[in-house]
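Biologist: I would like a close look at one part of this model. Please start with the background, then go to that part.

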Amino acid sequence: MEPLALYIHWPFCRAKCPYCDFNSHVRERVDQAGWRHALLTELRYEAARTGRRPLASIFFGGGTPSLMDPETAGALIAEARALFDAPADLEITLEANPTSVEAAKLADFHAAGVNRLSLGIQALDGAALQFLGRQHDAAQAIAALETGRAIFPRLSFDLIYARPGQTEAAWRAELRRALDIAADHLSLYQLTIEPGTRFATLHARGEIALPDDDAAARLYGATAEEAARFGLLPYEVSNYARPGAESRHNLVYWRYGDYLGIGPGAHQRLLVDGALIAVRRHRAPEEWFARVARDGHAIVEETALAPEDRAREALLMGLRLTEGIDPARITARSGLPFAACIDPTMLTACLDEDYLVWREGRLCATEEGRLRLDAMLPVLLR
Amino acid sequence: MPDTPLDHIRNFSIIAHIDHGKSTLADRLIQSTGTVAAREMKEQLLDNMELERERGITIKAQTVRILYKAKDGETYTLNLMDTPGHVDFAYEVSRSLAACEGSLLVVDASQGVEAQTLANVYQAIDANHEIVPILNKIDLPAAEPARVKQQIEDVIGLDASDAVEISAKTGLNIEGVLEAIVTRLPPPQGDAKATLKALLVDSWYDSYLGVVVLVRVKDGQLRKGQRVRMMSNGAAHTIEQVGIFTPKMIAADSLGPGEMGYMTAAIKMVSDTNVGDTITDDRAPAASALPGFKPSVPVVWCGLYPVDADDFEKLRDSVGKLRLNDSSFHYEAETSAALGLGYRCGFLGLLHLEIVQERLSREFGLDLIATAPSVVYKLKKTNGEEIELHNPADMPDPSVIAEIQEPWIKATIMVPDDYLGPVLTLCNERRGRQVELTYVGNRAMAMYRLPLNEVVFDFYDRLKSISRGYASFDYQVDGYEAGDLVKISILVNAEPVDALSFMAHRGQADRRGRSICERLKELIPRQLFKIPIQAAIGGRVIARETISALSKDVTAKCYGGDISRKRKLLDKQKEGKKRMRQFGKVEIPQSAFIAALKMDA
């Protein structure tokens, strides 16, 4: 049985960032012990259903999981190791914000078992950080990166580019400064306007102007070039790593593997007796908490996905990866022959256009193809 | 009431340019004789259709019978025939005029004679009408009766010294008009004992009575219960009702010579009653029909498609219902790769097209898209066969065509001479040939022969804009001529878009081809693949644009929680593709073609 990835969602933030549409909430006070207990409860509920399976990774996401008590992380890690078969080098990632308060707790998280840190740097420019509504400044970002590198064997951080008015030269300079700090992994996201966010309101009013597609494409190319100089290669649309330093946890999603999702709004996919079961949990923190207390879980939807849906999900995730997809894997996860999942005319057209390429039996999107993936999928997939 | 002595009847129509006061004068004549009670009076009394009232135009003919006690002490029956005023309905107008012996020529005393007045007055002259000039709006400070009288004499050649000066709006001198009708217009002639001959002037559908036929009796009697025959098609009907219009329908026992009125005979379809036909007695038919009958022939064709493909059924019902009431509207089913299912529709002219389109959208609640209007071409093939081409998409391969003929028109344009230069340039650009250029004061009148094809393509709009709205324009169809014409196909991703193909003169092919390619480039969104847009004559490309592939379209963040959302988005995008038209590996939203066609109109 293939190893399972475990995602744990901590839904609280100090402030809501204007670009973020994740399930995050600002609360004055959080009952740390109560939440530790609730997360453990839901973890045990799922483990009882899956049985003892090999574990691939643990990922604390949010929200801002670095606001969690390190001992909560420790308790969850220990419980997961007890409930599943975990290798000694189990990848355990924590997302953290680079404020000084959180940086001070990093050593405790490491002691609790976290061995990979993902820092939400987002920018190294003061004005940009303010525009993005971040709680830290550039100096704190640098300090947190240095602290993180000293403590954790593996370090990743996020940056957001294609910000209003950002030139290609400025972005290259900023990215180089960040790369000098020598992480083994980077997530470099183009700023996009998500519905329901503060930025969406400003954008609708014309107060935020984003670079057009041509400019964004040039920035994307520049990003890959700069990352490559430091030995970081794009292995997914927005993720760059030294070979071997890819996020094992996120690879499970992109390879459309099995994963558990614990906490408010978390999603889960599990292949059970040939059926692929999708689970969604209640998004609102208090309601999730109450339901877990009452029922032992806060599942609001649990469905066996149709074969066509499974194929579409597997393909839309898999083509984000540089390694592409193995047709046999699509069949294994969807139950459908590969030929039934793809429009043959469009496949030929995309291959002719060098958007797609066959590499050692795997269908891969080229860099040009990955750039246009959202336009390609609706015509390519059946 | 009917069977009035002939010398006590006057049948007349009113000729006027739009806005010169025809409907207002008609209202006043009706009002001053007490024909309609004051409380039933409303403006534009004779224009029943919502569209007629709103646009101030008359589409269907109508009559009203007015009883007038003249200064000589006798009471006269005055039948006012309200005719359509637009050239699209020239044939209908000619039949309405044929039902009368005289006309009132209404001219705005400040604006003078306009192009439309002219075309209609010539028709009245052709119909041997006695014509009484009326100067309207005489009360306005800008009125120049002396100048306008002179203009009527110079341009039309009518003696205007006895023109009746009135203000229809204030009611000034309406009496003068009524007296002129009695004293200056001739009474009708006819023989009550002769066999029945009645002119079918117009007809329309009434949901209670079936088809109502507007008639003018020339000879004999039209009676309830009589078996009558339509001479054009031999169809016989038994009359259920005859009567007159006040303008309400009032039943009568019979209608005699010189009378105007209506008949009903349980006729189901307006298309069974042809305008200009002769109605005779089925048992004792007349030897010959009244002169001038012509079956109605569409001059302009275009495709009509529902914007929402689900509305096709509704469109089918609606064109059927419309045809019930408009026999000059023709339609046949058509399929377009770009626009789906629709109808190829034939019209008497551009106004008729516009009216039908507007009635379909207004009365039937349809959202429609029309392809570029096309005239009817006559094709001679190399094998000697001759065909009519209603749709450029149906054009045979050029190699089998020996000759293409296109319809020409004779256009009359009147314009203040300040704007004459640009107007002449426009006519020349559109392959016009000047026939005559005359001046009346500071107004020029240009007569041109023009290919109709050049006029259906944005000629009105250009004329209006270059003359700041001062130019007036009218035309009549004036035969066919061979021309150096080509079919221009528009290709998207190397595949032809039928709905966008059109005919043009070779000399203008490049310019028109380039303009539509440029427009499509603006309208079609960038997509995964680059899209060549070409205009071609046969296999030869004359214009080309390329829509480059979109440069970046990918979700930045996509992790475990985003899968369902992304997949649902994908499902929605695939659903949206049902509204797309496939051109090889690219799909074009139908909305882009609709926008391209809308800009054409």
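What percentage of the contacts in chain B with a separation of 6 or more comes from residues 24 or more positions apart? Then the part I want: how many residues does the contact take from chain B and from chain A?

Modeller: Residues 24 or more positions apart account for 69% of those contacts in chain B. Contact here means heavy atoms within 4.5 Å. This is a predicted model, in which local features need pLDDT of at least 70 and side-chain atom pairs pLDDT 80 or more, while totals for chains, interfaces and linings use all residues. Residues are numbered from 1 along each chain as its sequence is written, chains are lettered from A and ligands numbered from 1 in the order written, and side-chain values use heavy atoms, without hydrogens or water.

Chain B has 601 residues, and 58% of them are buried (under 20% relative accessible area; exposed is over 50%, partly exposed in between; 1.4 Å probe, protein chains only).

Chain A has 382 residues, of which 58% are buried. It holds 16 helices and 16 strands. In chain A, 70% of the contacts with a separation of 6 or more link residues 24 or more positions apart. Chain A exposes about 14,600 Å², and carbon and sulfur atoms supply 53% of that.

Now the interface. Chain B gives 28 residues to the contact and chain A gives 46. About 3,600 Å² is buried between them, 57% of it from carbon and sulfur atoms (accessible area, 1.4 Å probe, that two parts lose on being put together, summed over both). Leu528(B), Lys552(B) and Tyr559(B) supply 20% of the area that chain B buries against chain A, more than any other three residues.

Polar links cross it too. There are 24 residue pairs in polar contact between the chains, both residues at pLDDT 80 or more (N or O atoms within 3.5 Å; within protein, one must be able to donate a hydrogen and the other to accept it, and residues adjacent in sequence count only if both atoms are side-chain atoms). Helix H13 of chain B, residues 563–576, gives nine residues, the largest share of the side of chain B that touches chain A. By class, that side has 10 nonpolar, six polar and 12 charged residues (Ala, Val, Leu, Ile, Met, Phe, Trp, Tyr, Cys and Pro are nonpolar; Asp, Glu, Lys and Arg charged; the others, Gly among them, polar).

Seven salt bridges run between chain B and chain A (a side-chain nitrogen of Lys or Arg within 4 Å of a carboxyl oxygen of Asp or Glu). One of them pairs Lys566(B) with Asp374(A), at 3.2 Å from N to O. Lys566(B) sits in helix H13 of chain B and Asp374(A) in helix H16 (residues 373–380) of chain A, so this pair joins two chains. Lys566(B) is buried at 13% relative accessible area. Asp374(A) is buried as well, at 12%.

Next, Ser238(A). This residue lies in the loop between strand S9 (233–236) and strand S10 (239–241) of chain A. A polar atom of its side chain is 2.7 Å from the backbone oxygen of Ala556(B). Beyond four places in sequence, Ser238(A) touches Leu186(A), Ser187(A), Leu188(A), Tyr189(A) and Ala556(B). Ser238(A) is buried, with a relative accessible area of 3%.

For context, a search over all chains finds 63 salt bridges. One of these joins Asp184(A) and Arg154(A), at 4.0 Å from N to O. Asp184(A) lies in the loop between helix H7 (168–180) and strand S8 (185–190) of chain A, and Arg154(A) in strand S7, so the pair ties together parts 30 residues apart in sequence. Both residues are buried. Strand S7 (residues 154–161) of chain A also holds Leu155(A). Leu155(A) is buried at 4% relative accessibility. Its contacts beyond four places in sequence include Ala183(A), Asp184(A) and His185(A).

Technical notes
Helix = DSSP H or I, 4+ residues; strand = E, 2+ residues; numbered from the N terminus. Areas by Shrake-Rupley, 256 points an atom, 1.4 Å probe, with all protein chains shown as cover.
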